[in-house]
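Work through the following exercises with the sequence and the structure open beside you. Each task is followed by a solution that goes step by step.

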Amino acid sequence: MSALMQVSGLTRRFGGLVAVNAVTLDLRVGEVHAVIGTNGAGKSTLINMLSGEIAASEGRIVLDGADITARPQARRALAGVGRSYQRTTIFPEFTVHENCRLAAQAATPRPWAIWQSARACATSGGAADAALEATGLTALATRTAGTLSHGAKRQLEVAMCLATKPRVLLLDEPLAGMGAEETERMLGLLERLKPAHAILLVEHDMDAVFRIAERITVMVNGAVIATGNPDEIRNDPQVRSAYLGEEEHA
Ligand SMILES: Nc1ncnc2c1ncn2[C@@H]1O[C@H](COP(=O)(O)OP(=O)(O)OP(=O)(O)O)[C@@H](O)[C@H]1O
Ligand SMILES: [Mg+2]
């Protein structure tokens with residue numbers, strides 16, 4: 001199986017700080033590739049470069065064989081790169097369905113022309129319906145988004161990402177702040193999304209990461225210190241001393 005997204009030598013400098021240092025990894029449809037690392041390791045900066053929010057200082061991002069390194073975020077979204085954010089980004093005053101419809105519209109080639117085109121509006125409405133269905137949020141479609149539980153808000157953010165019809169999902173800490181039940185619901189969702197998507201999951205919840213990821217990349221100070229399957233990462237001496245410490249992940 002070939003990679004849908006291939007990242008090589010990706011580097012980002014902020015002044016003298018090398019936030020992401022020559023990171024190489026690939027994302028395959030059918031896999032969750034988790035990126036773990038302590039606070040400030042460069043995980044969100046990596047996602048920001050993959051989504052096109054910030055430019056890379058060096059390196060290359062290839063999507064489905066095409067070099068997208070220089071493409072702006074909107075063009076990457078059109079090509080199938082979707083993301084969610086570490087901090088909640090919903091519109092709290094709008095309904096759940098409206099949030100998804102707005103996300104779908106923003107990802108259309110001419111979002112400003114939506115108001116002139118009933119058909120385009122129906123298309124984004126349909127994409128919103130499908131995203132809510134996929135995330136199990138259909139019953140909450142007419143709820144004001146700001147009134148949702150924390151877990152449902154995070155699910156809505158994944159739904160908003162899905163409404164853009166991505167093939168690559170870049171998820172920045174979707175489990176942060178969740179209780180056990182909400183975590184299970186989100187992990188169930190990611191399992192359902194896995195077969196049709198290449199998923200990059202940044203997450204601090206190690207139990208969840210070791211359960212759901214096919215591959216794990218460990219970052220320390222911007223650089224990758226190890227990549228492997230969960231067993232390889234669990235047993236990697238460098239990872240254990242640099243990151244996992246004495247913790248056991250049986
Ligand atoms: N826009 C910016 N300007 C300057 N420095 C930045 C900028 N964005 C991030 N950094 C720095 O880059 C480093 C990596 O930050 P980043 O947010 O990518 O880490 P992270 O792994 O996502 O951490 P966390 O787990 O806390 O979310 C940090 O030292 C951070 O302060
Ligand atoms: Mg982060």
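Predicted model: local features only at pLDDT ≥ 70, side-chain atom pairs only at ≥ 80, totals over all residues.

**Exercise 1. Decide how far helix α1 is enclosed by the rest of the structure.**

Solution. Begin by listing the buried residues of α1, which are K43, T45, L46, I47, N48, M49, L50 and S51. These are eight of the nine residues of the helix, so α1 is largely enclosed by the rest of the structure. To complete the description, look at what follows the helix: the residue after α1 is G52, and its phi is positive, near 95°.

**Exercise 2. Describe how helices α3 and α5 cross, and which kinds of residues make their contact.**

Solution. Two packed helices are described by the angle between their axes and the distance between those axes. Here the axes of α3 (residues 96-106) and α5 (residues 150-162) come within 8 Å and cross at roughly 35°, and the crossing is right-handed. On the side of α3, the contact is made by V96, N99, C100 and A103, and on the side of α5 by L156, A159 and M160.

**Exercise 3. Determine whether G125 is buried or exposed, and which residues are in contact with it.**

Solution. First place the residue: G125 lies in helix α4 (residues 118-135). With a relative accessibility of 12%, G125 counts as buried, because the cut-off is under 20%. Leaving aside its neighbours within four places in sequence, G125 is in contact with H97 and R101.

**Exercise 4. Find the polar contact that joins the side chain of E31 to another side chain, and describe where E31 lies.**

Solution. E31 is found in the loop between β2 (17-27) and β3 (32-36). Although placed in a loop, E31 is buried, with a relative accessible area of 14%. The side chain of E31 is joined to that of R215 by a polar contact of 2.8 Å.

Note on methods:
Residues numbered from 1 in each chain as written. Chains lettered and ligands numbered in written order. Heavy atoms only, no water. Axes fitted to C-alpha atoms, helices over the stretch in contact; angles between N-to-C directions. Helix = DSSP H or I, 4+ residues; strand = E, 2+ residues; numbered from the N terminus. Left-handed = near helix turned anticlockwise from the far one by under 90°. Contact = heavy atoms within 4.5 Å. Nonpolar A, V, L, I, M, F, W, Y, C, P; charged D, E, K, R; others polar. Buried < 20%, exposed > 50% of the residue type's maximum accessible area, 1.4 Å probe, protein only. Polar contact = N/O pair within 3.5 Å; in protein donor to acceptor, adjacent residues only side chain to side chain.
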